[in-house]
Amino acid sequence: MTKKISVRNPRTGVADYTIEAADAGEIRRAEQRLRAGQAEWAARPVERRIAVLREFKEALIRRRDEIVSRLEADTGRRWVSGLEVDAVVGGIDRACQFAEETFAPAAPAPTPDPEVHAAGDLVAYPLVAVISPWNFPFQLALIDAVPALLAGSAVLLKPSEMTPRFIPALRACVEEIPDLSGVFAVVEGDGSTGAAMIEAADAVCFTGSVQTGRVIAAAAAARFIPAFLELGGKDPAIVTASADVDGAASAILWGSTINSGHSCMSLERVYVDRLVAGAFVETLVAKAERVRLAYPDLADGQIGPIITAAQAETIREHLDDAVAKGARVRTGGSIEILGGGTYLRPTVLTEVDHTMRVMCEETFGPIIPVMAFDGADEAVALANDTDFGLSAAVFAGTADEALSIAHRLEVGAVSVNDACLTGMVPAVEKNSFKLSGLGASRMGPPSVRRFLRRRALLVRDAAGPRPWYYDGASSQTEER
Ligand code: NAD
């Protein structure tokens, strides 16, 4: 019997939507269909795949309002839902350019033997499984799918079961384009559907928690297929004594609380030079108190609901643990139930330390714990005292001072004198360090290249002399 999954509305708390999880049989059928279409798709010149993806972009633009309103219901966010669709549209153009560059004719590679000529083929993984999370449901569903399609792979996508309302609109866009629907399928389901997808695929792209990432890495390893993993974070911000305190407070407030803190690159820990810590906290609290909940009108206010009940529980646990261990709540701090949704105002904590969960585990909520440091060495040591290594931010009086700290941080991206710049500059290559991920960059040109294997074609000139034992003429070997 098909498994039905009820979906909670984050603004009302009511389960008002249902999906049916694709089972292993459905995944196998989708796999067969996609594999049947993929060979012809990959054999096309890249320009023809680009043309199809551009048609897809136009279909998304035509259905923008419908997608945005479905994302609003999924996430309780209006402004960000529009941004998600626009980011995907811009991302398609960028990926098309990377695909063009990837497939551009390359100069022949030099070889040590003038009689041997080297060339190469690019061979796409036939079927890529993409499994995505709930925090940016639309953007993270397509961030890997689009480059994989451009590379020549077929894609089987499963968005999160927490935020699936946009799936019918996305499918409608795919189905408008017969060339695309043969190689791109979107299924609904939970972890069991995701697990079946890994059994079917030749490569897997996963965005989600470290916990699930470990399970996926093990399943992919058992099948000897690559897993591109983009996982959680506990991003630090460092504010030195020379920084513009007001500017740093504004950026950190935004970077910690945008999307209710539901962003992998949210700033989740703040380290401030003791010389300016008092002024920083005072400024941060004043600014935090001006940020409003997007309730009752979701178009008015900045902080939407906590999207899942489980995340609200984690946030509550981290707050309770911190307070029990001596943290001081400077503003915010109580989870509110409004109209059935769960909200938390920007919450600033001081007197925190690394024994607290809020300083070590991913909170994924609008909490800003602030800790003082003495000197750059201590700031770096505190920032690196974590299992995560996604990104970070450094605020200092000069870019040189900030960069001298940035070079010492064990993370894949550092924003200097701003927060979360990786979200705004997606064309720049970056890797995730430590438990935050594994595999080639999904930003920049590798976003397409990582789905391609290179087959070397090494051709010996038929007319030239042959080495080694050919024709029994061992003297040729000596002449060489
Ligand atoms: P999650 O790990 O709970 O679920 C993610 C996806 O995995 C869902 O689609 C889920 O159905 C699927 N899944 C669960 N178990 C599975 C299994 N055994 N096999 C296959 N698929 C399975 O994560 P989430 O709570 O949806 O997302 C939040 C997490 O994602 C946070 O940790 C956040 O930091 C991370 N994230 C990382 C990035 C990044 O780029 N590094 C971006 C966004 C979110």
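How many bridges join strand 10 to strand 15, and in which sense do the two strands run? Strand 10 (residues 267–273) and strand 15 (residues 367–373) run parallel and are joined by four bridges. Within this pairing, Val272 has Ala372 of strand 15 as its bridge partner.

The model is predicted, and for this reason local features need pLDDT of at least 70 and side-chain atom pairs count only at pLDDT 80 or more, whereas totals for chains, interfaces and linings use all residues. Residues are numbered from 1 along each chain as its sequence is written, and side-chain values use heavy atoms, with hydrogens and water left out. Helices (H or I, at least four residues) and strands (E, at least two) are DSSP runs numbered from the N terminus, and two strands pair if DSSP finds at least two bridges between them.

## Domains

The domain assignment, which comes from an automatic or database source, gives domain 1 (3–231 + 433–459) and domain 2 (235–424). Their C-alpha centres lie 31 Å apart.

Strand 7 (residues 203–207) and strand 8 (residues 227–230) pair in the parallel sense over four bridges, and Thr207 has Glu230 of strand 8 as its bridge partner.

Contact means heavy atoms within 4.5 Å; axes are lines fitted to C-alpha atoms, for helices over the stretch in contact, and angles run from 0 to 180 degrees between N-to-C directions.

## The domain interface

In the interface, 25 residues of domain 1 are in contact with 34 residues of domain 2. The two domains bury about 2,300 Å² between them, 58% of it on carbon and sulfur atoms; buried area is the accessible area (1.4 Å probe) that two parts lose on being put together, summed over both. Arg11, Trp134 and Lys434 supply 30% of the area that domain 1 buries against domain 2, more than any other three residues.

One salt bridge is found across this interface, a salt bridge being a side-chain nitrogen of Lys or Arg within 4 Å of a carboxyl oxygen of Asp or Glu. Lys434 forms a salt bridge with Glu410, with the closest N and O atoms 2.7 Å apart.

On the side of domain 1 that touches domain 2, helix 3 (64–75), helix 4 (79–102) and strand 19 (433–434) are the elements that give two or more residues. The largest share, three residues, comes from helix 3.

## Salt bridges and backbone geometry

The structure holds 33 salt bridges. One of them links the side chains of Asp93 and Lys57 at 3.0 Å, N to O. Asp93 lies in helix 4 and Lys57 in helix 2 (residues 46–62), so the pair ties together parts that are 36 residues apart in sequence.

Most residues other than glycine have a negative phi, and most peptide bonds are trans. Tyr295 and Pro296 are joined by a cis peptide bond, with omega about 5°; Pro296 is placed in the loop between helix 11 and helix 12 (309–324). Asn259, although not a glycine, has a positive phi of about 60°, and its place is in the loop between helix 10 (245–257) and strand 10.
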